[in-house]
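Work through the following exercises with the structure in view, and try each task before reading its solution.

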Amino acid sequence: MTASKQGDKPTYTSFSTLLRSPSNGGSSSTHPDRTLAPSRTPGSRTVSPTPPSRTKASPRSRLSIWSMLALTVSMGGSQIAWTVELGYGTPYLLSLGLSEQLTSLVWLAGPISGLVAQPLIGAISDSSNSRYRRRYWIVMATILLVLSGLGLAFTQPIAATLVAIFGGGQGSWDPKTANLVRSTSIAIAVTSFYCLDFALNGLQASLRNLVLDIVPGDQLASANAWHGRFNHFGNIVGFTMGFLNLNHVPIIRLVGGGQFRKVCIVALAILVLTVWITCWTQEEVERNSPFGRRSKVSDVISTIYEAVLHLPKPVRRVCIVQIAAFMGWFPYLFYSTTYVAHVMADELGHEPDLDKATRAGSLALLIYSFVAIVAGTLLPYLASRDRRLLGAIDAGGETDDEEADLEQIREQVRQWKAESARHGKPLKLPTMPFMLRNIWTAGLLLFAAIMASTFFIRTVWQATVAIALVGICWAIACWVPFAIIMEFLKEAEDSSSTEIRPRPPRLQSQPAVSRSQPTSPVRPNERTALTRSWSTADIEGQDNEYTGSGPVAGGTIMGIHNLAIVFPQFIIAIVASLIFKWTDGTDTNAEYSSKPGVAWVLRFGGLMALIGAVISRKVPPTKTEKAMRRRLAEMREESED
């Protein structure tokens, strides 16, 4: 399949059409739309007929800000559900009578579902040729999530009804009936928790796969930044709902029950609304599945195995960095509030009040959530890509016509020179944005430094500041790795589905020769543009393509990437227990004081983040970033003529 251009201006005939219109008002002459077509002959155009009520969104069309918001808002809804489960799940299970040991087993649902659901759903949807291949799983996961959420919200009424229907005891006054209701409630709650985790993993995997299918390569960083923002916003909404007294809200109080039931109902309502917005405003393109119709389990497993075996080298490196990074993140996510309580105990010199220590930890996490959403809003501007540097670059990081692109650069620079001369100002060329891997490295180094600061933290306010600053690192972790891996997948997909265009002699690999220094080539660094004479393959390496026998299985590879995120959780469970045994021993008299184990677990996480930062330097820039550097080099050379 190759990309063909559509030069027709879209007609705004519905709300969903308006959301898909380019931000410049829909002009297609500036940003031509692209769509997938079975074939293309030189100079031909393919225009797909669309129904009058809705314009079909092409995976290559540039998205307006409103369309980007509609596409990514569901991530916020799903994150609210995650927050409700993580924040209030354990107290709810304990209130039903489940022991702490069994509660810890219930929380295995998270990593198990992450290991199974995301790769499986990615492989199945990759094999589909339907124009609902991603949205089908979004809707199905949402339905399962709503059912399991309602099961948690109404656990005891459902259990009492089942016991009354199928018999058991003489009545509510009978101890046998009470025990049956209790046992049935626990069974329903545990089952609902596992279904909830599988549904949430499937939903978030499908939402990211939808972004990969619809968003063009040069907007993937922006789309993942919006995913991160909605993630942080969902955390804030979820935590805030826990603090509010929903018993006095007119409509919500009608559902009865306690705070947990009302929080569940509100979270599910927001989830359904956001998912409806995404599914209604976005349309996928029906495609001829290159994998064929694989409906057997063996075929799905074969797809996953093929993707694991032939991961593109940049994707493999991203996954390795993620393993190290999340061996740092899981200690923080598990023990940050406990760490605040330990610091409070050391500061007071005795055991603090449990409620006071819990509130201090919750306050630190709330500030951390606000810092994360602010950082997630501002940091993407560091990587904001100037449209003048993108030029005619397509999603794969190449240009449709290299010679025409060079001529366009010459003409553009001449116009800028003339404009600068008229105003008596020096020529100002576009600047190269920060590369994604550099931002990622900086985030990991900052996280390692904050974890190392635990050697010097002595007061609660110092611990609160440290936890709040981690919000910057978390904003990067929720944005940059996904943006990098999606760009690499888009490049691999384009490389496997299009013919390689010969490059003009001017841009082909050749001995390094500079105009000013003919015999002294200068090797560029990260932020400087590539000189015209250097081949990007010589500098960054060229073994970046997908080497599998079939085309790129984007959803499957995204699921494998999630394995790299989930797998460290099992390792940390073992490592943390060893650290606690080594540092705290077997003394269980004091709950917080004189127990440095939590701080050492956090420091171990900082060490792993430092290792991840070193490995992240091996992740190459994307083709789009390298092409931008090349265009900037051309502009600089033309400006010197």
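**Exercise 1.** Find out how W276 and W280 are placed along helix α9, and how their rings are arranged.

*Solution.* Start with the sequence: W276 and W280 are four residues apart in helix α9 (residues 259-281), and therefore about one helical turn separates them; helices here are DSSP runs (H or I, at least four residues), numbered from the N terminus. The model is predicted, so local features need pLDDT of at least 70 and side-chain atom pairs count only at pLDDT 80 or more, while totals for chains, interfaces and linings use all residues. Residues are numbered from 1 along each chain as its sequence is written, and side-chain values use heavy atoms, with hydrogens and water left out.

Next, recall that an α-helix has 3.6 residues a turn, so residues three or four places apart point the same way.

Then turn to accessibility, where buried means under 20% relative accessible area, exposed over 50%, and partly exposed in between (1.4 Å probe, protein chains only). W276, at 51% relative accessibility, counts as exposed, whereas W280, at 42%, counts as partly exposed.

Finally, rings of Phe, Tyr and Trp (its six-membered ring) pair if their centres lie within 6.5 Å, and planes under 30 degrees apart count as stacked, over 60 as edge-to-face and the rest as tilted. The ring centres of W276 and W280 are 6.3 Å apart with planes at 5°, so this pair is stacked.

**Exercise 2.** Classify the ring pair of F326 and W474.

*Solution.* The centres are 6.4 Å apart and the planes stand at 70°, so F326 and W474 form an edge-to-face pair. Both residues are buried.

Conventions
Helix = DSSP H or I, 4+ residues; strand = E, 2+ residues; numbered from the N terminus.
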